[in-house]
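Please look over the protein chain shown here before reading the notes, and keep it in view as you go through them.

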Amino acid sequence: MAREDLPPEPDWRATGDRIDTLIAASGSGGAIARERSEELVRLVVDFYGAGLERLLDLVHEQGRLDDDVLAALAGDDLVASVLLVHGLHPYGVETRVEQALESVRPYLGSHGGDVELLAVTGEGTVRLRLLGSCDGCPSSSVTLKLAVQGAVEAAAPEITSIEVETAADEPGAAGPLVPVDSLFARLHTDAGAVAGDGASWEAVPELSALESGAVARVEVGRMPVVACRVGTDLFAFEDRCARCERPFEGAALARRLGGGSGDAILRCAGCRAHYDVRRAGVCLDEDGVHLAPLPLLAEGGEVSVSVPVTVAP
């Protein structure tokens with residue numbers, strides 16, 4: 001199976017953050033300076049938005065804007081983000097939410113769970129139902145935060161809220177859906193605090209500076225962890241190949257030949273097994289084999305990884 005080395009990618013999210021910082025800094029010159037900066041950004045965005053819209057119209061007029069082209073546009077993270085900003089994304093919000101959920105189902109499935117889209121309301125609320133059980137898994141209390149919420153918000157930033165009910169809720173019950181914020185309240189504890197499900201959040205500062213396409217092996221608590229960054233996304237797994245059971249020493253990220261920009265395969269240097277990073281570390285060479293993914297939070301420039309409390313010092 002031919003693969004290409006995964007090249008570093010510009011951090012476009014960081015570019016957006018830098019724009020916000022520059023606009024905020026312009027406020028030091030007074031209200032007029034800030035207003036002019038904001039107007040400049042609006043004009044530039046509108047200008048390029050009009051050009052993108054006309055570009056799509058021309059491609060459509062030539063009969064080239066078929067399903068394959070639309071899928072390619074939607075499948076490229078950078079292009080899709082730009083189209084979203086200008087309201088030009090080829091897929092509606094419900095389709096994008098369903099695709100986002102599909103992308104995280106392998107991760108949920110590796111912990112015995114699943115998610116179902118119930119509805120997207122006219123007010124922009126996404127209603128979900130969690131299925132299955134994550135009992136006994138270190139990520140049981142953070143599955144929604146780490147997988148579902150992040151995927152949905154990235155695919156459909158225009159949504160206003162996410163509401164979820166669990167399989168334990170009685171069908172047709174009159175009670176309200178559980179607000180997302182209440183489920184996430186326990187996440188805002190200090191790194192290293194022990195969660196109720198037997199996991200410990202440990203800060204890992206060295207992962208904050210990990211570049212796109214890079215792989216790092218670190219020790220979190222007493223657990224060896226292998227982490228990698230794909231674009232702006234970080235992933236962490238137990239540092240053990242599921243096939244040869246050796247650490248990922250000398251491992252590298254690769255891209256499948258013909259794969260999309262977000263495609264990322266972790267290759268074991270020992271047995272040459274290949275694992276799909278975005279699909280919870282599923283092995284591409286042997287059915288039923290996958291890595292052990294670990295919950296990871298990247299907030300405020302700090303990265304924390306959740307490991308079983310039994311391995312904590």
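This is a predicted model: local features need pLDDT of at least 70, side-chain atom pairs count only at pLDDT 80 or more; totals for chains, interfaces and linings use all residues.

Residues are numbered from 1 along each chain as its sequence is written, and side-chain values use heavy atoms, with hydrogens and water left out.

**The chain as a whole**

- The protein chain has seven helices and 15 strands, where helices (H or I, at least four residues) and strands (E, at least two) are DSSP runs, numbered from the N terminus.
- Of the 313 residues in the protein chain, 36% are buried; here buried means under 20% relative accessible area, exposed means over 50%, and partly exposed lies in between (1.4 Å probe, protein chains only).
- Among the contacts in the protein chain with a separation of 6 or more, 53% come from residues 24 or more positions apart, a contact being heavy atoms within 4.5 Å.
- The protein chain exposes about 17,000 Å², and carbon and sulfur atoms supply 52% of that area; accessible areas come from the Shrake-Rupley method with a 1.4 Å probe, and for residues only the protein chains shown count as cover.

- Strands of a sheet pair through backbone hydrogen bonds, either parallel or antiparallel.

**Aspartate 239 and its surroundings**

- Aspartate 239 is found in the loop between β9 and β10, and aspartate 239 counts as buried because its relative accessible area is 7%.
- The side chain of aspartate 239 makes a polar contact with the side chain of arginine 217 at 2.8 Å; a polar contact is a pair of N or O atoms within 3.5 Å, and within protein one must be able to donate a hydrogen and the other to accept it, while residues adjacent in sequence count only if both atoms are side-chain atoms.
- The side chain of aspartate 239 also reaches the backbone nitrogen of phenylalanine 248 at 2.7 Å.
- Leaving aside residues up to four places away in sequence, aspartate 239 touches Arg217, Pro224, Val225, Val226, Pro247 and Phe248.

**Aromatic pairs**

- Rings of Phe, Tyr and Trp (its six-membered ring) pair if their centres lie within 6.5 Å, with planes under 30 degrees apart counted as stacked, over 60 as edge-to-face and the rest as tilted.
- By this rule there are two aromatic pairs.
- Phenylalanine 47 and tyrosine 48 form an edge-to-face pair, 5.4 Å centre to centre with 80° between the planes.
- Phenylalanine 47 counts as exposed because its relative accessibility is 59%, and tyrosine 48 counts as exposed at 52%.
- The rings of phenylalanine 248 and tyrosine 275 have centres 6.0 Å apart and planes at 80°, so this pair is edge-to-face.
- This pair links distant parts of the chain, since phenylalanine 248 lies in the loop between β9 (233-238) and β10 (252-256) and tyrosine 275 lies in strand β12 (residues 274-276), 27 residues apart.
- Both phenylalanine 248 and tyrosine 275 are buried.

**A helix cap and positive phi values**

- Aspartate 76 caps the N-terminal end of helix α4 (residues 77-85), with a side-chain oxygen 3.0 Å from the backbone nitrogen of valine 79.
- Glycine 87, which follows α4, has a positive phi near 65°.
- Glutamate 245, a residue other than glycine, has a positive phi near 65°; glutamate 245 is found in the loop between β9 and β10 and counts as exposed at 56% relative accessibility.
- Arginine 272, also a residue other than glycine, has a positive phi near 70°; arginine 272 is found in the loop between β11 (265-267) and β12 and counts as partly exposed at 46% relative accessibility.
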